[in-house]
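I opened the notebook to look up a few things in one chain.

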Amino acid sequence: MFHNYKISLILVAIYSMTFCSCATIINGFTQPINFSTYDNTRGTCKLKDEEREYDITVPSVVEVSHGNGPLEVTCLINNTNYSRYIPEHVSNAILGNIILFFSFPYIIDTMTGSYQEYPSEIFIGEEGIRY
């Protein structure tokens, strides 16, 4: 009986290390970004990454995909153009892979792009586009 328990425990460990990826579970495939102006002025923005383009009005919250490279943001607010590349950074959720599973599930997080994320808030104003 002890032998069956040991085999079951080993199989659960292998399954967990193979199919559990902390960043994908925690972050999902997309993330919301809040776009706003400092004085709540309305405007329009075009967002572009390596795979998609988004046309949005500001202020608004937009769902964007992870892992598609820097986000090119071009906005028109009060007849003034603003432009900036917003880089992705490594998500804190990836630490779960390193701590719990010695980074093995990182492969899945890399395929889904979930180990990367953009800033959650982007402000557009006289000083340009900031996050």
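What share of the residues in the chain is buried? I took buried as under 20% relative accessible area, exposed as over 50%, and partly exposed as in between, with a 1.4 Å probe and protein chains only. Buried residues make up 40% of the 131 in the chain.

I noted the ground rules next. This is a predicted model, where local features need pLDDT of at least 70, side-chain atom pairs count only at pLDDT 80 or more, and totals for chains, interfaces and linings use all residues. Numbering runs from 1 along each chain as its sequence is written, and side-chain values use heavy atoms, with hydrogens and water left out.

**Whole chain**

The chain exposes about 8,300 Å², and carbon and sulfur atoms supply 59% of that. The areas come from the Shrake-Rupley method with a 1.4 Å probe.

I listed the elements: 4 helices and 10 strands. Helices (H or I, at least four residues) and strands (E, at least two) are DSSP runs, numbered from the N terminus. Along the sequence I read α-α-β-β-β-β-β-β-β-α-α-β-β-β.

I then checked contacts, meaning heavy atoms within 4.5 Å. Of the contacts with a separation of 6 or more, 66% are between residues 24 or more positions apart.

**A sheet**

I traced an open sheet of 4 strands, in the order β4-β1-β9-β10, with mixed pairing. Its edge strands are β4 and β10 (128-130), each pairing on one side only. Neighbouring strands here are turned by 25° against each other on average, direction ignored. For pairing, DSSP must find at least two bridges between two strands.

How many bridges join β9 to β10? I found 3, between antiparallel strands, with β9 covering residues 121-125. Gly125 has Gly128 of β10 as its bridge partner.

**Asn68**

I found Asn68 in the loop between β4 (60-65) and β5 (71-77). Is Asn68 buried or exposed? Asn68 has a relative accessible area of 5%, so it counts as buried. Beyond its neighbours within four places in sequence, Asn68 is in contact with Asp49, Glu50, Glu51, Arg52, Glu88 and Tyr118.

**Lys48**

I placed Lys48 in strand β2 (residues 43-48). Lys48 is partly exposed, because its relative accessible area is 38%. Leaving out neighbours within four places, I found Lys48 in contact with Glu53, Pro70, Leu71 and Glu72. I also checked Gly69, 21 residues from Lys48 along the chain: their C-alpha atoms are separated by 9.6 Å.

Technical notes. Axes fitted to C-alpha atoms, helices over the stretch in contact; angles between N-to-C directions.
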